[in-house]
Amino acid sequence: MGRVVLVTGVSRDLARQFAKQIADDPAVDRVVGVDIVPPRGDIGDVSFVRADIRTPVIAKIIVKEDVDTVVHMSVIATPGDVGGRATMKELNVIGTMQLLAACQRAPGLANLVVKSTSTVYGATNRDPAMFTEDMDARRLPRSGYARDAFEVEGYVRGFARRRPDVRVTTLRAANVIGPDVQSPTAQYFRLPVVPRVLGFDPRLQFLHRDDLMAVLAHAVRNDVAGTFNVAGDGVILLSQALRRLGRPSLPVPSFALTGLGSTLGKSGLVDFSPEQQRFLTFGRGIDTTRMREVLGFEPRYTTASAFADFAAALGPGAISPGRITSPDTVLAGVAGLVEGRGQHG
Amino acid sequence: MGDADIIPIGTGGRPGRGTGSRRPSAAARSLAGKPPVSRQGATERPGGAKPADERPGQQANDGPASAEQPALEASVSDDATTETEAGTSAAESRRTAAEESVAAPRPLDATAAAKGIPASDWLEAAVAAAREVFGEQWEPRMAELLAFWRRRLTGDYQVDEFGFDPELTQRFLMAVLRPIAERWFRIEVRGLENIPAEGGALVVSNHSGTIPVDGLMTMVMLHDHAGRDLRPLGADLVFKLPIIGGVARKAGATLACSEDAERMLKQGELVGVWPEGFKGIGKPYSERYKLQRFGRGGFVSAAMRTGVPIIPLSVVGAEEIYPLVGNIPSLARLLGLPYVPITPFFPLLGPLGLVPLPSKWILEFGEPIRTDAYEASAAEDPMLVFDLTDQVRETIQQSLYRLLMDRSSVFG
């Protein structure tokens, strides 16, 4: 008998695509997708069950469908489409509590895979350059997505203690990016003029969407327990990313950014929460040695190539090379002249 | 022929600077509008009759000067060829040119004004400037510089995981700091043989100078003389300050914590640490060259765990660049800084007070203290760590005293 996988949060794109992908795996018999609202796109062989993970209904589904693997992907980063911050927090934290409670009562459950985020490490000026899985945030996240993810991880650790027979894998993913990804970071880079914190150049790490799918599938298939940082190799600086994108940036002093951030947030253009602002000030790096050596996963994209893929889909910006407004055009012209002379003489 | 001794002064009524040079300047040409030109043609004939006698004789040394009008005309298209052309047909063309200038002054003047300085002149000037700046091999060097700027503009460069940008550091930061190190502080480096050519090592230095100039200077000296990039460990305050924080990471610095120090040392980097921290750079001038407490000795345990040698570095001269005579603690608290310095010139002279005094510096790298002989658990033994910390501190203090005896004067 093959495996039965339950994926939460399938109305969101990443979870839906993952559910669809894992359904094609020959080792997996059935995939059950759970969410409050039906997924908008194609879900392939996934059987969708409309259920709220905040209610005990989820326990019945797990038992009835004889689920042996739960992939928890419904910790959401943006409150935008579910209502407000209160709903988001309830969905993230209460949803996880209910799900874990249901899991604890399910005798057939063998694996739990949780998609967490590197945001749990926070971002301060006292951070080490690269966080390993054993390190904690230098300042505990107080609000927003980071706080939710932090609490979710706490509940997951508690669950792992209470059910030692269940293999628990937590994946702390770096900022997921890809041509069609909707995330606060992707939204941020899609702004025509990108505001940035004056005088700071954070280090960024990205994980390509395809690699996120691959690592989740890898975690479902392989029996490796523990917490793992997942990110593409290398880091790029924000200034470098913006130059590669060819988008002009607007340096804003950090005190002014708070106001600008809330204005942008209200306009629905981009999420500019305080923790996102701290991230864009101090940056963050996560160490992926354990991902490679213990989990045995190798991402296909580096940070730079994942970002290049994202940038290619986004199209050239106002100051991309080749545009008339690009300073690079002038330099290229002069370089051409010099080379032309060099060939003549 | 005897008249050839007469040196013509002035242009004989023709527009020009009055230097007798071959051609009037562009400014003079545009000044000479339409009416003056026609009048000039008329006045030139009688005026020019007198010198006309000596002109053939002058041909040898002053030839091109007389062929002024055709040269003016020709310069519009090409000025390299006019030299020879003017020389050959000088005497005759002068007459025809004078007539021409009477007959058709307008088109000549119009073309000269419309074209301005010809494009070839611009190019010549640009090439000359490039040669001036880059030397004879200016073409590859300029192409390389342009490629560098294009790489920077398109973000096509690499940084390591700590945010170190080697290209920017070498081409910009070092270039700015090098003259200060070599000309202003006239830094003398001793004991370079103690720096390993490769592999991890921990440089431990005394700290002084109100603002950490000594760290920057050590970076430049190690880069230039030992061919290694020093990766400084900085206080968390450094990474909190705008601009300074960003530049520090790009220059290779990272936070002074055991995680980062060990990570860098494991990667085989040359790491620099100033264990005195703010106690060192912020100490009053009266306490100069007295080493402060060496933190908690975290740097020693980092070196022990990674088994890299500790290289003591004594810096003499940095204490005198900004003699710290006072502090404004209330303002410092307000700004969140460890101290707000008062020096004899700052804030009295305003920004001018920020110019460091040109003391003579000596950097001496001491003999490396090996840590690879200790067992792995030694780093957890506090007594051993304290002993080693004291040993490093004592070494630096002793060589500081020795160097102070050595030096003839502060500004020597």
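## Strand β2 of chain B and its partners

In this predicted model, β2(B) runs parallel to strand β6 (residues 310-316) of chain B, and the two pair over four bridges. Strands here are DSSP E runs of at least two residues, helices are H or I runs of at least four, and both are numbered from the N terminus; two strands pair if DSSP finds at least two bridges between them. Within β6(B), B:L313 is the bridge partner of B:S205. Strand β5 (residues 270-273) of chain B also pairs with β2(B) in the parallel sense, over four bridges, and there B:V203 has B:G272 as its bridge partner.

How many of the residues of β2(B) are buried? Five of five, across residues 201-205, where buried means 20 or more other C-beta atoms within 10 Å of the residue's own, exposed means 12 or fewer, and partly exposed is in between, with C-beta atoms placed from the backbone. In a regular strand, side chains alternate between the two faces of the sheet. Here B:A201, B:V203 and B:S205 point one way, B:L202 and B:V204 point the other way, and all are buried.

## The nonpolar core

The largest nonpolar core has 155 residues; such a core is a set of buried Ala, Val, Leu, Ile, Met, Phe, Trp, Tyr and Cys residues joined through C-beta atoms within 7 Å. B:L202 is among the residues with the most contacts inside this core, together with A:V7, A:C103 and A:L216. Helix α4 (residues 144-162) of chain A gives the most to the core, with eight residues.

Beyond its neighbours within four places in sequence, B:L202 has contacts that include B:L265, B:V271, B:F299 and B:I310. Two residues are in contact if their C-beta atoms, placed from the backbone, lie within 7 Å.

## Helix α11 of chain A

Buried residues in α11(A) are A:T303, A:A304, A:A306, A:F307, A:F310 and A:A311. They line one face of the helix, because seen down its axis they fall within an arc of 165°, taken from the directions from the helix axis to the C-beta atoms. The face turned away from that buried side carries the exposed residues A:A312 and A:A313.

Among the elements covering the buried residues of α11(A) are β7 (175-177) and α7 (238-245) of chain A. Just after the helix, A:G315 takes a positive phi of about 85°.

## Where the chains meet

## Backbone spots to look at

Most residues other than glycine have a negative phi, and most peptide bonds are trans. A:D66, in the loop between α2 (57-64) and β4 (69-72) of chain A, has a positive phi near 55°. B:R186 has a positive phi near 45° and sits in the loop between α9 (166-184) and β1 (188-190) of chain B. A:D66 counts as partly exposed because it has 15 C-beta neighbours inside 10 Å.

A cis peptide bond joins B:F346 and B:P347, with omega about 5°. B:P347 is found in the loop between β8 (341-342) and β9 (362-365) of chain B.

## Reading the numbers

Residues are numbered from 1 along each chain as its sequence is written, while chains are lettered from A and ligands numbered from 1 in the order in which they are written. As the model is predicted, local features need pLDDT of at least 70 and side-chain atom pairs count only at pLDDT 80 or more, while totals for chains, interfaces and linings use all residues.
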